[in-house]
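Look at the structure first, then read on.

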Amino acid sequence: MKPRRRRRWTRWAKRIASHVVLIIACIFAVFPIYFIVVTSLSTLPIAGITAHVLLPNPSQLTLSSYNTVLLHESPSYLSLLENSLIFSGSAAAIGLLLAAFTGFALSKFNFPGRRTFVYFILLISLFPSVVMIIPFYLMFAKLGLIDSYIGLIIPYSAGAVVFSGILVKNYMDSIPDDIEEAALIDGMSRTEAFFRVMIPLCLPVLGLAAFLAFMGPYTDYAYAHVFLTSSDKWTLALGLYNINSSDTGTQNYGLVTSFAIVMSLPIVAFYMVFQRYIIGGLTLGAVRG
Amino acid sequence: MADLRDQTLGFRLRHEWPAYLYLLPTVAVLLVLNAYPIAYCIYISMTDFGTGGRGSLLSYHYIGITNYQFALTTGASTSLALVENSFLWAGGSVVLFLLIGLGLASVLNQPLRGRAIYRTVILLPWAFPAFITLLVWTNMWGYEYGIINSMLNLVGIPSVNWLLSTPTAAWSALFITNIWLSFPFYTVVFLATMQAIPKDLYEAASIDGAGTFSQFRRITLPYLAPTVIFVGLMGFLFTFNNFYPIYLITNGGPGISTQIFITESYNDAFGAHGATPLFSTAAMYSVLDFLIIVCLTLVVIWRTDLTRNWLK
């Protein structure tokens, strides 16, 4: 072969190989999601699920599993959703407030003890959060807070503080000091500058911090399983786990997967819209995405 | 405000004291809801709480480091298995994440038709909450009714008892699931970093006759290195304590061949290991987990300057 033709050939081969690799990656990525969607549109028991469900006859697809999950399960989807929103919403609100204050103090003040404090929160954040359940459970059992809303909101809020605080601090570091100084020269106090200048400038990262603080309780099973004993306080995560584990193989598996989809949708939508911020935030600014 | 660093302590106190007001609520939360529970957990690990059925919520005794001595002598084989499994889980996952993430990112970093579509599709798994998809993955790995085995059967491969037969099968299921959960994130992070590399470097290199591979080695990799190391270390620390994949898929089985510190601890306290909650043993394993993570983090902080910016 002449050199030029050879180069063209290798370029083609490279392009085709790239597409093949990417298509395999996409199939791998989509397969479980496709599986969830297809089975949610059926009413098959898990024992009836074979590779054939992957290519269903469109006329056999049905929304009846969604109907059952949303309207005919006990505890009802609405009650689970309400509890999830109470826990996640409270944790996000409290976590956000604390994160904003912490981030501001760490980023814009050079107070004595600042470095020690940063190392202190780093050390605390290394303690695995799942096993914090043990001391919390024993403490709250003594206080009679097991199986109450407040008894779970407290550990959820505590869990979000450290990471969100560092997130907000990093973002505020990128805001020039001049902006705050200009506000001070205009006669604002530092508190006024914080609320009227810094907070509005930090809205993107505060939104991300709130979302991450929301996500923790929304998908938490480990805490809720231990803390919530009566089913009227159950969250969506407990409801999903319960439907899934009560499935003996003969029940309609579509219930599990349609529950999974309804529960995921708001989160998926949020991730897809704000992925840029979320990726940047999760790498703590190590990457400009 | 870095330029204030030279000032005296008194000057800084006078000018920077409002910071303490802003930190007050957080400090209260950290002390009452983080530091105290951690200290309490360490204390419980030094009691006989739950072991031998003697402990209850009202009566348990301080027994010093007896539990730790037990873990290092009679219980050494379990402790060693937990150490090995935790490191295999975190190390193995991160190596796979980095290889796959780097590979896919460099493929995606070429001018290809449909690149935006590929990128969006690859990101999908990451947008779903892990807890939810993990429950479905558990069913997909099922021996009798799992979709993965039915698909293997279609191409003539007999069913594998993924979760209950051999450690190799169980680890394969765990790693594949964990890759599915995480490769989108790693791919997109590395892709974003690659796209920030100035294009003229590649043009200059290709004029000088450098091929694709040597361009990757001499331009892309050096530019990526800080991100790869930082993301890799964070991924290691995160995966070391990543509870749900193991808890939901294998729950440590078969035997304890995939049990890591955190799942062992949770199961001892609240789980399947029998009716008596072994709070003291559970607390001890979480303290050991914490000590390992602290040591690793100290090494990272001392040996690299990657966290400097973050801790500034």
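Across the interface of chain B and chain A, the rule finds zero salt bridges. This is a predicted model. Over all chains, the count comes to four salt bridges.

The interface itself involves 101 residues of chain B, in contact with 103 residues of chain A. The size of an interface is often given as the accessible area lost when the parts come together. Between chain B and chain A, the buried area is about 9,400 Å². Carbon and sulfur atoms give 78% of that area.

One salt bridge joins the side chains of K108(A) and D177(A), at 2.9 Å from N to O. K108(A) lies in helix 3 of chain A and D177(A) in helix 7 of chain A, so the pair ties together parts that are 69 residues apart in sequence.

| Helix of chain A | Residues |
|---|---|
| Helix 3 | 77-108 |
| Helix 7 | 177-185 |
| Helix 9 | 203-218 |
| Helix 12 | 254-282 |

Now to a helix pair in chain A. Helix 9 of chain A and helix 12 of chain A pack at an angle of about 135°, and their axes are 10 Å apart. That angle makes helix 9 of chain A oblique to helix 12 of chain A. The crossing is left-handed.

Which residues in helix 9 of chain A meet helix 12 of chain A? Among them are P204(A), L208(A), F211(A) and Y218(A). From helix 12 of chain A, the partners include M263(A), F270(A), G281(A) and L282(A). By class, this contact of helix 9 with helix 12 of chain A has 14 nonpolar residues, one polar and no charged ones.

How values were computed:
Residues are numbered from 1 along each chain as its sequence is written. Chains are lettered from A and ligands numbered from 1 in the order in which they are written. This is a predicted model: local features need pLDDT of at least 70, side-chain atom pairs count only at pLDDT 80 or more; totals for chains, interfaces and linings use all residues. Side-chain values use heavy atoms; hydrogens and water are left out. Axes are lines fitted to C-alpha atoms, for helices over the stretch in contact, and angles run from 0 to 180 degrees between N-to-C directions. Helices (H or I, at least four residues) and strands (E, at least two) are DSSP runs, numbered from the N terminus. Angles under 35 degrees count as roughly parallel, over 145 as roughly antiparallel, 65 to 115 as roughly perpendicular and the rest as oblique. A crossing is left-handed if the near helix is turned anticlockwise from the far one by less than a right angle, and right-handed if clockwise. Contact means heavy atoms within 4.5 Å. Ala, Val, Leu, Ile, Met, Phe, Trp, Tyr, Cys and Pro count as nonpolar, Asp, Glu, Lys and Arg as charged, and the others, Gly among them, as polar. Buried area is the accessible area (1.4 Å probe) that two parts lose on being put together, summed over both.
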